[in-house]
Amino acid sequence: MRQLQILAILAWRNLWRNHRRTLIMISAVTIGVWAMIFMTALMRGMVNEMLRDGIQVLPGHVQIHHPDYRDDPSINNLIPGTEDELESIFGGQEFEAWAGRVRVPAVITSERESRGITLLGIDPIAEAPISFVFDDIVEGRFLKDGADSGVVIGRKMVDKLDTRLGKRVVLMSQDPENEIADRGFRVVGIFDSDPDSHEETFVFAGKETIQKMLGVEDRVTEVVFLGQDIRNVEALLKKVSGLTDSSLDVEPWYELDTYLGAMVKMMDGFVLVWVIVIFLALSFGLVNTLVMAVFERIREIGLMLALGMPPVNIVGQVIVESLALLTIGLALGNALAWLAVVTLEDGIDISAVAQGMEMMGASSVLYPVLHMTDVITANIVVLVLGFLASLSPAWRASRYQPVEAITKV
Amino acid sequence: MTAVRCIDLCRTYYQGDQAIKALDHVNLEIQESGFVCLSAPSGGGKTTLLNAIGGLDRPDSGEIWVAGRRIDNLSKGQLAKLRLHQIGFVFQAYNLIPVLSARENVEFVMQIQGVPADKRADQANAILDEVGLKGLEDRRPADMSGGQQQRVAVARAIVSRPALVLADEPTANLDSHSADGLMELFVELNQHHGTTFVIATHDQRVMAYAKRLIRMLDGRIVDDIDQQAA
């Protein structure tokens with residue numbers, strides 16, 4: 001303990017012998033740590049947005065389908081059993097939310113244009129906790145219930161069809177007999193979404209209305225479930241699988257949207273790689289600083305060895321010096337990153353490059369998200385690798401022969 | 001009792017292809033409480049002998065015994081421990097740690113030895129007082145004169161009362177007044193505390209203080225004079 005005290009005093013005072021060099025090194029560590037944490041927070045924010053958007057529009061956390069539905073998402077691949085039967089199976093269970101949907105490919109036509117879309121026949125009350133669209137109505141209203149005769153379309157679709165709120169459009173799809181099933185709907189609501197691509201893809205109508213149009217009584221093509229934690233759906237998956245006929249497909253969100261699943265999985269590994277890459281760049285400066293500091297003090301090190309300081313204490317002194325440098329840089333870097341995240345918590349508009357981001361399913365506004373695990377990872381990586389980087393100059397210093405070192409000029 | 005014994009000590013340095021015999025079959029015995037001067041012209045081997053006795057350098061052959069213990073075959077760590085607890089060094093060029101104050105420099109060895117802080121401070125203040133540096137305890141080496149720095153180095157060497165003090169040209173950078181003051185301090189420590197001194201020098205004034213004068217030339221002892229008897 002007493003020896004640690006003298007090592008700490010020596011290390012601290014030696015650090016400030018060359019103010020400029022020390023300040024440059026501290027600045028480098030600070031900027032490096034800030035970059036590690038802040039860029040990670042941005043990436044986390046981006047993936048979270050992708051998850052939120054992806055999960056709310058498409059899969060929920062777990063879905064049930066007819067086994068052929070994913071290859072042929074048509075009305076022919078209905079889930080066996082009526083809605084009453086589904087209610088009797090799932091209704092008494094504890095889920096955050098669940099809902100049956102009719103989801104089929106369709107064509108929407110105005111008096112001027114036609115577009116291919118994904119038609120979602122939904123029960124707005126059951127869907128409320130699951131779908132994004134309820135908070136994003138910019139004109140008109142959302143569907144009142146499953147029997148609503150109106151349709152809700154995206155803002156971009158309004159432009160494409162050259163239509164507007166209150167006008168009529170025709171929805172057309174195939175019924176189970178492969179005959180054309182169509183019906184006129186009034187546009188009762190227009191939604192805005194982020195990413196914009198959803199506005200051109202999805203059209204929402206009342207579930208019962210769509211069931212009638214397609215002639216499928218009270219049958220659905222998919223049942224969607226919401227659990228508590230999107231990153232931990234295994235328990236939910238097991239529970240739903242246990243309640244479902246084994247002939248049906250029960251799949252978690254990361255299998256329904258493999259891109260999103262892979263993205264999230266890759267992210268955790270990427271954070272570590274990112275942090276290490278930045279540190280490697282930093283380590284050159286760190287090792288150089290320490291080597292120079294040792295080189296300038298060969299005589300002193302020789303003196304300390306001559307006076308009886310054990311070589312291991314010389315190693316300790318250089319390491320303490322390195323750790324002091326890193327700790328100051330870490331403290332400043334953490335504070336700077338936290339400040340940057342707090343300052344930008346309302347989001348960073350990257351709409352200038354949003355087209356590219358949307359292709360990835362990401363939003364045009366990035367919300368940095370600070371995960372404590374990422375902060376801890378960055379700090380541990382810097383300290384551990386910093387410790388390892390300082391071993392070489394420290395070991396070198398301890399190997400000096402006192403009699404040679406002490407006579408160095 | 002014998003404080004230092006060297007048996008058939010040899011040490012050769014190489015400068016390119018040229019071999020320089022710094023110690024050439026040196027045999028030497030110094031009793032406890034001895035006050036010995038090693039005198040030689042430059043390159044005569046006195047510093048090499050001092051370094052070998054202090055465990056700072058290893059001989060090529062021969063044996064070195066300090067306080068009854070053979071040291072030429074000890075490990076680096078064991079030698080460090082020996083220097084820490086039994087030997088005090090005074091080097092020619094002060095060799096203080098520049099980032100530490102005079103008191104901290106003096107405390108340095110005690111701190112490594114594990115002496116408690118209050119005891120350390122008391123001893124450091126007392127010894128700085130003894131070497132005439134009262135009031136300068138908090139100064140750093142850069143703010144002190146050469147003589148003052150050398151006194152700090154002496155204080156550091158003797159503060160933990162080592163049995164043996166090795167001094168290499170301790171007065172080389174001092175004016176005559178400071179040099180006399182330093183030597184009187186050594187004599188006092190030798191007489192009152194029984195500390196053994198081995199001083200390498202070619203300063204005639206320093207030699208005059210020694211009880212025993214050993215002259216070296218080309219790595220060999222050529223003369224060994226008991227000055228008390230003389």
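Author: A residue is buried if 20 or more other C-beta atoms lie within 10 Å of its own, and exposed if the count is 12 or fewer. By that test, 46% of the 409 residues of chain A count as buried. The model is predicted, with ipTM 0.85 and pTM 0.66. The mean pLDDT of chain B is 89, and 99% of its residues reach 70 or more.

Reader: Why does Thr244(A) count as partly exposed?

Author: Thr244(A) has 18 C-beta neighbours inside 10 Å. A buried residue needs 20 or more and an exposed one has 12 or fewer, so Thr244(A) falls in between and counts as partly exposed.

Reader: Where does Thr244(A) lie, and what does Thr244(A) touch?

Author: Thr244(A) sits in the loop that joins helix H8 (234-243) to strand E10 (249-252) of chain A. Leaving out residues up to four places away in sequence, Thr244(A) touches Ile64(A) and Val250(A).

Reader: Why is helix H7 (residues 207-214) of chain A called largely enclosed?

Author: Six of the eight residues of H7(A) are buried, so the rest of the structure largely encloses the helix. The buried ones are Lys207(A), Thr209(A), Ile210(A), Gln211(A), Met213(A) and Leu214(A). Their cover includes strands E2 (97-109), E3 (114-122), E6 (168-174), E7 (180-191) and E8 (202-206) of chain A. Just after H7(A), Gly215(A) has a positive phi of about 70 degrees.

Reader: How do you know that the length of helix H6 (residues 176-193) of chain B agrees with its number of residues?

Author: At 1.5 Å a residue, the 18 residues of H6(B) should span 26 Å. The end C-alpha atoms are 25 Å apart, which agrees.

Reader: What makes the buried residues of H6(B) line one face?

Author: Ala179(B), Leu182(B), Met183(B), Phe186(B) and Leu189(B) are buried in H6(B). Seen down the helix axis, the buried residues fall within an arc of 115 degrees, so they line one face. They pack against helix H5 (146-158), strand E8 (196-201) and helix H7 (204-209) of chain B. On the other side of H6(B), His177(B), Glu184(B), Glu188(B), Gln191(B) and His192(B) are exposed.

Reader: Which residues have the most contacts inside the largest nonpolar core?

Author: Leu38(B) and Val198(B) have the most contacts inside this core of 119 residues. Helix H10 (residues 258-296) of chain A gives the most to the core, with 10 residues. Beyond its neighbours within four places in sequence, Val198(B) is in contact with Val4(B), Ile30(B), Val36(B), Leu38(B), Leu50(B), Ile53(B) and Leu166(B). Apart from this core lies another, of 62 residues, with Met46(A), Ala106(A), Phe191(A) and Val233(A) among them.

Reader: Why are strand E2 (18-31) and strand E5 (69-70) of chain B called edge strands?

Author: Four strands of chain B form an open sheet in the order E2-E1-E4-E5, with antiparallel pairing. E2(B) and E5(B) each pair on one side only and are the edge strands.

Reader: How do you know that strand E1 (residues 2-15) and strand E4 (residues 61-66) of chain B pair?

Author: Pairing needs at least two bridges. E1(B) and E4(B) have five, in the antiparallel sense, so they count as a pair. Cys6(B) stands opposite Ile64(B) in E4(B).

Methods
Residues are numbered from 1 along each chain as its sequence is written. Chains are lettered from A and ligands numbered from 1 in the order in which they are written. This is a predicted model: local features need pLDDT of at least 70, side-chain atom pairs count only at pLDDT 80 or more; totals for chains, interfaces and linings use all residues. pLDDT is the predictor's confidence in each residue, from 0 to 100. A nonpolar core is a set of buried Ala, Val, Leu, Ile, Met, Phe, Trp, Tyr and Cys residues joined through C-beta atoms within 7 Å. Helices (H or I, at least four residues) and strands (E, at least two) are DSSP runs, numbered from the N terminus. Two residues are in contact if their C-beta atoms, placed from the backbone, lie within 7 Å. The expected span of a helix is 1.5 Å times one less than its number of residues. The arc is that of the directions from the helix axis to the C-beta atoms.
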